[in-house]
Amino acid sequence: MSTIVFDGVSHSFGDRSVLRDLSLTLTERRIGIVGANGSGKSTLVRLINGLITPDAGTVTVDGLLVAKNAREVRHRVGFIFTNPDNQIVMPTVEEDVAFSLRKRGLGAAEIAGRTQAALDRFGLSAHAAHPAHRLSGGQKQLLALAAVLVGEPQVVVADEPTTLLDARNSRRIADLFRAMTQQVIVVTHQLDLLEDFDRVICIEDGTVVADGAPAVAIDAYRALLA
Amino acid sequence: MTARTLTVRDLAQIAIFAALIAALGVPGPLSLGVIAVPITLQTLGVMLAGAVLGARKGFFAVLLFLALTAAGLPLLAGGRGGLAWFTTSPSAGYLYGWLLGVLVIGYLTSRLLPKYPFWPALGATVLGGIVMIYAIGVPVTAFTLHLPIWGALVDASKFLPGDAIKAVVTVLVARQVHRAYPGLIPRRRAVTASSATSTPTSTATPTPARASDE
Amino acid sequence: MIGLYSPGHSLLHRAPTLLKLAVLSAGVLWVGILGEPWQLLVALGIIAGLYPVAGVPPRAAWQQIGPILWILLIAVPIQALLSGWVPAALMAGRLLAAVALAALFTLTTTVTAVLEGFQRLLRPFDRWVDADRVGLLVAITLRCIPLVAEIVTEVLEARRARGTQGSLLALAVPVVVRSLYAADAIGEALVARGLDD
């Protein structure tokens, strides 16, 4: 597993402070992050692959400083967004998966082979040449997962991956997260997804208010909501 | 479109506005209540590209849209497209006029920001979005159809009321957008000092205005 | 990415894009200098003959050439009044021939092939223009068209639900703002997915 270290991290948007002097070391295989809207959890996970650079403090992935080695870190850390519509950047399903493999020094045959394998794995082969926007919401999130996992990241970070999905599709995505061999860091409001996770962190107002076994942290979160 | 000067965020904005110009062509020509003249919203997209994104990004957005249309995608209002509309069609000049128009609107808008007063802004939008576009479109029509300039001008004037409305709408929209979403058009050199405070890696960081859960 | 392309396997479909483009340009120049009505008739006959050769369905051809006929319906009488029927007929014939040639190119060439042709034309200028990046931008734009179309539809529906129809401003402001948010989200995804060059 990779080691992700936040050291004294603070960040604000304009005059609104979203993270305050936060330090964390993440080594567990499956980590959940919970917190109310606006608590700072989306910002926290965006620091891991350098989508946001903190105002103060440092973030490292396996000793690599994210701010300095963003490209290297992004190869190791795959990111799943809430809205798959914004994550899909190419017109057709297979082009979108293949996009993740560009500029990695792979031959065309290698890229085609890996793309095909990823589509097979997520049951999207029949849609390979279809326009991505014609897929259903659940299929779009599957495509997003396929496009991230085809790059063989060591860590998969997901920011509320099931929020826009119906019950059946969110269960399907949750199952896929459980089955992943990668290190997984998931921000979610779907608390049952985290029940068998190794560690759950509860964020409130830019700081960690609970951190530990799922039952403990989720109870703390429920208490906050009450 | 050189790799060195456009950030990833710029690229995304260019692509989205090229797509916006295309999407505004989908309803096809529509009539506006009292005025019985067909107008298409596509030139609204062109004017907005200049007034919202500025000269450089706006120009690329229009160029990209035109290239896709020339390549054979039916993106012009009413599902038209193909090389003929850029080469031999009597209305081809208007499409090239869009490129000049977006540059003029974008340049003048960047001079008017951040205050963006209504009447000068409307003047800038009319100059770029109507005068410049007609200045290329009308002579081309006259040349292709072997008409005298006045003949082509009379023909073009039926679009004038619609274009005037679009110019007003563009200014009103741009005003609200620049207030809700500052920093879309990079300031001129004189004020680069103030923009240097933004982080160099902020190619795609969400702006404060972003409505998501931070 | 089918666009206006009319699928087929004719000689015109298989010819290299840039060769077709060069022949098209030469053809347009050629009909432009023809001075006699009979010469133009021959040229029009040749071009018309190319349509069955390419196997283009008449409907697809009409969609391309139809609009120009409406323009000519107005322009020819004006031109005839101003300078006589022969120049008017010549003008109409040249225009028709040129439009038909350009349409033939569009109907027999896939969008992908045209874009690849554009990229090849840009190659000599790679000092100023990064052809790969242009290709990438084109692909992202094609992805964005359904995305923005959806935004427009949603805003139109919301407007109808609230009964505030008619104001162009009430349509344009939310469409532009939501499009800019979408651009930010897509920019973020592009960076997360490795586009930081």
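First, a term for the opening stop: a salt bridge here is a side-chain nitrogen of Lys or Arg within 4 Å of a carboxyl oxygen of Asp or Glu. Also, a bit of housekeeping. This is a predicted model, so treat it as such: local features need pLDDT of at least 70, side-chain atom pairs count only at pLDDT 80 or more, and totals for chains, interfaces and linings use all residues. Residues are numbered from 1 along each chain as its sequence is written, chains are lettered from A and ligands numbered from 1 in the order in which they are written, and side-chain values use heavy atoms, with hydrogens and water left out.

**Stop 1: chains C and A**

Show chains A and C together. The rule picks out three salt bridges across their interface. For one of them, select A:Arg46 and C:Glu188: the closest N and O atoms are 2.5 Å apart.

Now highlight helix H7 (131-162) and helix H8 (168-192) of chain C, the elements that give two or more residues to the side touching chain A. Helices (H or I, at least four residues) and strands (E, at least two) are DSSP runs, numbered from the N terminus. That side of chain C divides into 14 nonpolar, no polar and six charged residues. In this scheme Ala, Val, Leu, Ile, Met, Phe, Trp, Tyr, Cys and Pro are nonpolar, Asp, Glu, Lys and Arg are charged, and the others, Gly among them, are polar.

How much area do chain C and chain A bury between them? About 2,000 Å², with 56% of it on carbon and sulfur atoms. Buried area is the accessible area (1.4 Å probe) that two parts lose on being put together, summed over both. Select C:Arg143, C:Glu188 and C:Arg193 next: in chain C they lose the most area to chain A, together 37% of what that side buries.

**Stop 2: aromatic pairs**

Rings of Phe, Tyr and Trp (its six-membered ring) pair if their centres lie within 6.5 Å; planes under 30 degrees apart count as stacked, over 60 as edge-to-face and the rest as tilted. The count is seven pairs over all chains. B:Trp119 is exposed, at 64% relative accessibility. (Buried means under 20% relative accessible area, exposed over 50%, partly exposed in between, with a 1.4 Å probe and protein chains only.)

Then jump to B:Tyr181 and C:Tyr181, a tilted pair with centres 5.9 Å apart and planes at 45°. B:Tyr181 sits in the loop between helix H8 (160-180) and helix H9 (192-195) of chain B, and C:Tyr181 in helix H8 of chain C, so this pair joins two chains. B:Tyr181 is buried at 3%, while C:Tyr181 is partly exposed at 25%.

**Stop 3**

Most residues other than glycine have a negative phi, and most peptide bonds are trans. Select B:Leu113 and B:Pro114: a cis peptide bond joins them, with omega about 5°. B:Pro114 is in the loop between helix H5 (92-112) and helix H6 (118-144). The loop between H5 and H6 also holds B:Tyr116, whose phi is positive, near 50°.
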